[in-house]
Amino acid sequence: MELSAELTAAVWWSTILLIKLATFGMIVGFTRSKRGVTPNPEDAAALTGGKPELVKTTDAVVERRRSRVSVRVIMELTAELSAAIWWSTILLLKLATFGLLVAPARMKRKVFANPEDSSFHGAKPEDVKLNDEVVERRRRAHLNDMENIIPFIGLLFMYALSGAGTACCVTLVAQIFTAARVGHTVAYIGSVRQPARALTFFTGVLCNLYLGGKVLLHMF
């Protein structure tokens with residue numbers, strides 16, 4: 001029931017906004033007719049009774065209603081979403097290709113979690129190991145990425161969609177977070193001395209907290 005209530009509210013207000021967007025053309029069309037402004041020759045002939053030369057193709061009032069209220073808002077939102085989509089794709093590619101770091105280490109060190117994998121690569125099932133330090137370190141780095149990147153992407157889209165920040169802010173936060181996650185992976189796999197890994201980890205956490213806090217403050 002709680003989910004239904006949330007979806008009902010989302011559907012209600014989305015419908016209101018879509019109705020506003022869908023009917024805005026009526027306001028623009030009425031203004032065009034009243035002021036004799038149209039970009040199309042066939043419309044001009046209809047408006048003037050066969051005298052299209054009397055019709056204007058540009059008008060400040062019409063352009064204000066057409067551009068500033070609809071197109072400009074959509075373009076601004078698109079800029080923020082474009083930034084969110086770009087950096088989310090980069091992070092998801094990092095997450096999706098992390099297995100390429102784990103799998104070679106398993107094969108090189110003959111460390112397999114499943115007996116069928118060991119026999120396929122020429123090792124005996126009884127030789128299967130589950131606690132190789134190199135492989136486990138890479139696997140833990142992968143798990144840490146999943147625990148941090150997935151929430152970040154969700155918060156980044158909420159941040160972009162809610163209007164809590166500009167496209168520049170979306171890009172900046174995403175750049176900081178991406179650099180932190182790359183640094184965390186390098187520090188983890190390379191066994192870099194602390195506090196290097198801790199600093200990169202908490203930088204990512206702060207990015208998540210910042211996005212979540214900004215969205216909540218903006219919405220409420």
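Contact here means heavy atoms within 4.5 Å. Keep that in mind for the whole tour. The model on screen is predicted.

**The whole chain**

Show the protein chain as a cartoon. Residues 24 or more positions apart account for 66% of its contacts with a separation of 6 or more. The chain has eight helices and zero strands. From the N terminus on, the order is α-α-α-α-α-α-α-α.

The accessible surface comes to about 14300 Å². Carbon and sulfur atoms hold 68% of that surface. Of the 220 residues in the chain, 29% are buried.

**Stop 1: helix H6**

Select residues 133-162, which make up helix H6. H6 has 30 residues. From its first C-alpha to its last, H6 reaches 43 Å, close to the 44 Å expected at 1.5 Å a residue. Step just past the end of H6 to Gly163. Gly163 takes a positive phi of about 80 degrees.

**Stop 2: the largest nonpolar core**

Which residues touch the most other members of the largest nonpolar core? Select Ile149, Phe152, Leu156, Tyr159, Val170, Phe177 and Leu211 to see them. The core holds 19 residues. Helix H3 (60-96), H6, H7 and H8 each give two or more residues to this core. H6 supplies the largest share, six residues.

Zoom in on Leu156. Leaving out residues up to four places away in sequence, Leu156 touches Ala84, Ser88, Val170, Ala174 and Leu211.

Another core lies apart from the largest one. This other core has five residues, among them Val102, Val135, Ala141 and Tyr188.

**Stop 3: the aromatic pairs**

The structure holds three aromatic pairs. Start with Tyr159 and Tyr210. Their ring centres are 6.3 Å apart and their planes are at 55 degrees, so the pair is tilted.

Colour the two by accessibility. Tyr159 counts as buried, at 0% relative accessibility. Tyr210 counts as partly exposed, at 38%.

Move to Phe201 and Phe202. This aromatic pair is edge-to-face. The distance is 5.2 Å centre to centre, with 75 degrees between the planes. Phe201 counts as partly exposed, at 25% relative accessibility.

**Stop 4: helix H8**

H8 has 24 residues. Its reach from first C-alpha to last is 35 Å, close to the 34 Å expected at 1.5 Å a residue.

Which residues of H8 are buried? Highlight Thr200, Gly204, Cys207, Asn208, Leu211, Gly212 and Val215. H6 and H7 are among what covers these buried residues.

**Stop 5: helix H7**

Select residues 167-189 for helix H7. Thr185 is found there. Thr185 counts as buried, at 8% relative accessibility. Setting aside its neighbours within four places in sequence, Thr185 is in contact with Lys94, Phe98 and Asp145.

Ala179 also lies in H7. Ala179 is exposed, with a relative accessible area of 51%.

**Stop 6: the loop between H7 and H8**

Select Ser191 first. Ser191 lies in the loop between H7 and H8. Most residues other than glycine have a negative phi. Ser191 has a positive phi of about 55 degrees although it is not a glycine. Ser191 is partly exposed, with a relative accessible area of 46%.

Go on to Pro195, in the loop between H7 and H8. Is the peptide bond from Gln194 to Pro195 cis or trans? The bond is cis, with omega near 15 degrees. Most peptide bonds are trans.

**Last stop: a charge over a ring**

Select Arg197 and Tyr188 together. Arg197 lies over the face of Tyr188, at 4.2 Å from the ring centre. Tyr188 also belongs to the core of five residues from Stop 2.

Definitions and conventions: Residues numbered from 1 in each chain as written. Predicted model: local features only at pLDDT ≥ 70, side-chain atom pairs only at ≥ 80, totals over all residues. Heavy atoms only, no water. Phe/Tyr/Trp six-rings, centres within 6.5 Å; stacked < 30°, edge-to-face > 60°. Helix = DSSP H or I, 4+ residues; strand = E, 2+ residues; numbered from the N terminus. Buried < 20%, exposed > 50% of the residue type's maximum accessible area, 1.4 Å probe, protein only. Lys NZ or Arg CZ within 6 Å of the ring centre and 35° of its normal. Areas by Shrake-Rupley, 256 points an atom, 1.4 Å probe, with all protein chains shown as cover. Core = buried A, V, L, I, M, F, W, Y, C linked by side-chain atoms within 4.5 Å. Expected span 1.5 Å × (residues − 1).
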